[in-house]
Amino acid sequence: MPLDQQAATPRSSTRTLEWFGVVALLALAGAQVLGILTSPPDRDMGHLQKIMYVHVPAAWNAFMAFFVVAVASLAYLWKGRERHDLLAAAAAEVGAVMTALTLLLGSIWGRPTWGVWWTWDPRLTSTAVLLLIFVGYLALRGFVEDADRRAQWSAAVGILGALNVPIVYMSVKWWRTIHQLQSSPSTVDPEYVVGLRANAIAMLLVVVYFIVKRYRAAQVERMAEQLAERAALEGGRHG
Amino acid sequence: MADGMGYIVAAYVVTWAGLIGYAIRLVGVARRAQEQLERASRDAGGSA
């Protein structure tokens, strides 16, 4: 069913989403307070360890958003449904924002621990490449006017871009790097696990809110585009 | 003040600036999309 024939999002659903967004942001604030107050200074990094509670959840959720891009893009190529293309685009935008945030936070962490804001380390470089791919993905969507072609090309770039995620994740194992191993409950001190988990889950809620909100806006944008296309077609016929 | 406190504060400020900034952008995107739809509906009604 074309998007312009679908019922508009009910107001109650919009209100629920906004409330969900508020709760997600409050949960994130609460998780950050929990992490800051309950974690002792790290033996090597001291209090700088607390940056982990924002940097690592941002990175994990960027990966999660790109996983959504890959699944939705594959679904689009398989079924050809427009809603999968719009979901992939929404997740790609949110993933790019989270990746940019990850790089910025990593840079703030790197300066006092490594002595530099940036270095061409495999983890940092592969993350920057990931961001560039998805900035390109979003630019591509802006350039291509034909909706079908835009969706097909975007799906291809989205899948190729998401394939970079395992490379970023494994880069600290595959190559010599100054970046520490992947932070996960199995690699960090048990005293930091609760704070890390709480922040990762709260950030996930925020990212889900962002993706749904962007997806709904994309649906409305597409409906407007379809109406404009139809009006142009009718105008051409009458003219 | 603990060592590196400035970097910790900067990290949390950047996080919230990014998240709130993007949330505000999304509100703008949704509003513009709605206006675009209303304009397109009017134009489509006029041309039919």
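**Chain contact and helix packing**

In this predicted model, chain B holds one helix and zero strands. Chain B has 48 residues, of which 21% count as buried.

Chain B touches chain A through a contact that takes 27 residues from chain B and 30 residues from chain A. On the chain A side, the elements that give two or more residues are helix 3 (82-114) and helix 7 (190-238). Helix 7 of chain A gives the most to this side, with 15 residues. By class, the side of chain A that touches chain B is made up of 19 nonpolar, seven charged and four polar residues.

Helix 3 of chain A also packs within its own chain, against helix 5 of chain A. Two packed helices are described by the angle between their axes and the distance between the axes. The axes of helix 3 of chain A and helix 5 (residues 147-162) of chain A come within 10 Å and cross at roughly 50°. The crossing of helix 3 of chain A past helix 5 of chain A is left-handed.

In this pair, helix 3 of chain A contributes Glu82(A), Asp85(A), Ala88(A), Ala89(A) and Ala92(A). These residues meet Ala151(A), Ser154(A), Ala155(A) and Gly158(A) in helix 5 of chain A. Five of the residues in the contact of helix 3 of chain A with helix 5 of chain A are nonpolar, two are polar and two are charged.

Key
Residues are numbered from 1 along each chain as its sequence is written. Chains are lettered from A and ligands numbered from 1 in the order in which they are written. This is a predicted model: local features need pLDDT of at least 70, side-chain atom pairs count only at pLDDT 80 or more; totals for chains, interfaces and linings use all residues. Two residues are in contact if their C-beta atoms, placed from the backbone, lie within 7 Å. Helices (H or I, at least four residues) and strands (E, at least two) are DSSP runs, numbered from the N terminus. Ala, Val, Leu, Ile, Met, Phe, Trp, Tyr, Cys and Pro count as nonpolar, Asp, Glu, Lys and Arg as charged, and the others, Gly among them, as polar. A residue is buried if 20 or more other C-beta atoms lie within 10 Å of its own, exposed if 12 or fewer, and partly exposed in between; C-beta atoms are placed from the backbone. Axes are lines fitted to C-alpha atoms, for helices over the stretch in contact, and angles run from 0 to 180 degrees between N-to-C directions. A crossing is left-handed if the near helix is turned anticlockwise from the far one by less than a right angle, and right-handed if clockwise.
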